[in-house]
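Here is a friendly briefing to read alongside the model. Keep the viewer open and follow the topics in turn.

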Amino acid sequence: MQAPETREIDFALMKDAVREAGALAMRFFLTDHKQWSKAHDNTPVTEADIEVNELLHRRLGTARPSYGWLSEETEDDSSRLTQTHVWVVDPIDGTRAFAKGKPHFVISVALVEEGRPVLGVLFNPAMDEFFEASEGGGAFLNGSPIHVSHTAAIEGCKMAAFAPMFKHPAWPEPWPEMEIIERNSVAYRIALVACGAADAALALNGKSDWDLAAADIIVREAGGRITTHDGSALLYNRHSTRHPSLLAAGPALYEAIFAKVGTIRLQASR
């Protein structure tokens, strides 16, 4: 475990690097920047993703050469598995939104210690929203404390999710009416839960460490719960960086949603 003063230094380093990365991302946002699809999964990537990734790797890796590194835009290096501390990074979570000029993306950085995030930052520079949390230190948006909502009922809640999922014919019982908030960035959806702008986030498809790690500690420090849909704990920096699903909400609403989805069996995802 880190000494408190070391963690404080790491947190300051992380926040400074992410703010610098946000400024860099905004130099590409709403411009005619290069975009292409990744060969292995056909997901989009832009030159901004690559430039932001390189900036963060340079800033964080140089300052902490003994820490591991795991990023969506860096080829995975198994040496991270031997490190107690690992930076987990998504240089732009919500690349599709970014590429279309929609301000619903975040730069996501977490420091994971022995499988759990202990520091997390999510920055949406287009909306000037800076979410941060440290283990035991609470969660903040632009310096002000945040907390999940106290909503307990699914009906009428604000659900950050992919709307068609709730209309799938396989549901044994229809979902009650909800206000659906669709955002391309999974991390941003969870951040909206953390600050009470959404009441819950649910996804029944695979997500990666870099989608979840920073958002995980932010929503937990804001008083929420976050697990896979079946209640399994989210652990990071494992051989597989994939998680089958996610459920995040305030405690009472978490239980209500879990009662509806907790026994669902999903097909394995990549």
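The largest nonpolar core has 39 residues, and Leu 122, Ile 190, Ile 218 and Leu 246 touch the most other members. A nonpolar core here is a set of buried Ala, Val, Leu, Ile, Met, Phe, Trp, Tyr and Cys residues joined through side-chain atoms within 4.5 Å. Two or more residues each come from strand S4 (85-93), strand S5 (106-113), strand S7 (129-134), H4, S12, helix H5 (209-221) and S16. A second, separate core of 30 residues includes Leu 13, Ala 17, Val 52 and Ile 107.

This is a predicted model, in which local features need pLDDT of at least 70 and side-chain atom pairs count only at pLDDT 80 or more, while totals for chains, interfaces and linings use all residues. Residues are numbered from 1 along each chain as its sequence is written, and side-chain values use heavy atoms, with hydrogens and water left out.

**Terms to keep at hand**

- Helices (H or I, at least four residues) and strands (E, at least two) are DSSP runs, numbered from the N terminus, and two strands pair if DSSP finds at least two bridges between them.
- Buried means under 20% relative accessible area, exposed over 50%, and partly exposed in between (1.4 Å probe, protein chains only).
- Contact means heavy atoms within 4.5 Å.
- Axes are lines fitted to C-alpha atoms, for helices over the stretch in contact, and angles run from 0 to 180 degrees between N-to-C directions.

**The sheet of 7 strands**

- This open sheet has the order S3-S4-S5-S6-S7-S8-S9, with mixed pairing.
- Strand S3 (68-71) and strand S9 (144-145) are the edge strands, each pairing on one side only.
- Helix H1 (residues 4-28) packs on the sheet and touches S4, S5, S6 and S7, with its direction at about 30° to that of S6.
- H5 also packs on the sheet, touching S3, S4, S5, S6, S7 and S8, and its direction makes about 100° with that of S6.

- Strand S6 (residues 116-124) runs antiparallel to S7, joined by 6 bridges, and Asn 124 has Glu 129 as its bridge partner in S7.
- The hairpin of S6 and S7 has 4 residues between the strands, and Asp 128 takes a positive phi near 55° there.
- On to strand S8 (residues 138-141): S7 and S8 pair in the antiparallel sense over 4 bridges, and Ala 133 stands opposite Ala 139 in S8.
- The hairpin of S7 and S8 has 3 residues between the strands, and Gly 136 in the turn has a positive phi of about 80°.

**The sheet of 5 strands**

- This open sheet runs S11-S10-S12-S16-S14 and has mixed pairing.
- The edges are strand S11 (179-181) and strand S14 (225-227), each of which pairs on one side only.
- From one strand to the next, the twist averages 20°.
- S10 and S12 pair in the parallel sense over 2 bridges, whereas S12 and S16 are antiparallel over 4 bridges.
- In S12, Ala 200 and Leu 202 point one way and Ala 201 and Ala 203 the other way, and all are buried.
- Helix H6 (residues 251-261) lies across strand S10 (158-160), strand S12 (200-203), S14 and S16, running at about 150° to S16.

**Two helices to zoom in on**

- Helix H4 (residues 186-194) has 9 of its 9 residues buried, so it is largely enclosed by the rest of the structure.
- At the start of H4, a side-chain oxygen of Ser 185 comes to within 3.0 Å of the backbone nitrogen of Tyr 188.
- Just after H4, Gly 196 has a positive phi of about 85°.
- Asp 49 sits in helix H2 (residues 47-63) and counts as buried, at 0% relative accessibility.
- Beyond neighbours within four places in sequence, Asp 49 is in contact with Glu 73, Pro 91, Ile 92 and Thr 95.

Notes:
A polar contact is a pair of N or O atoms within 3.5 Å; within protein, one must be able to donate a hydrogen and the other to accept it, and residues adjacent in sequence count only if both atoms are side-chain atoms.
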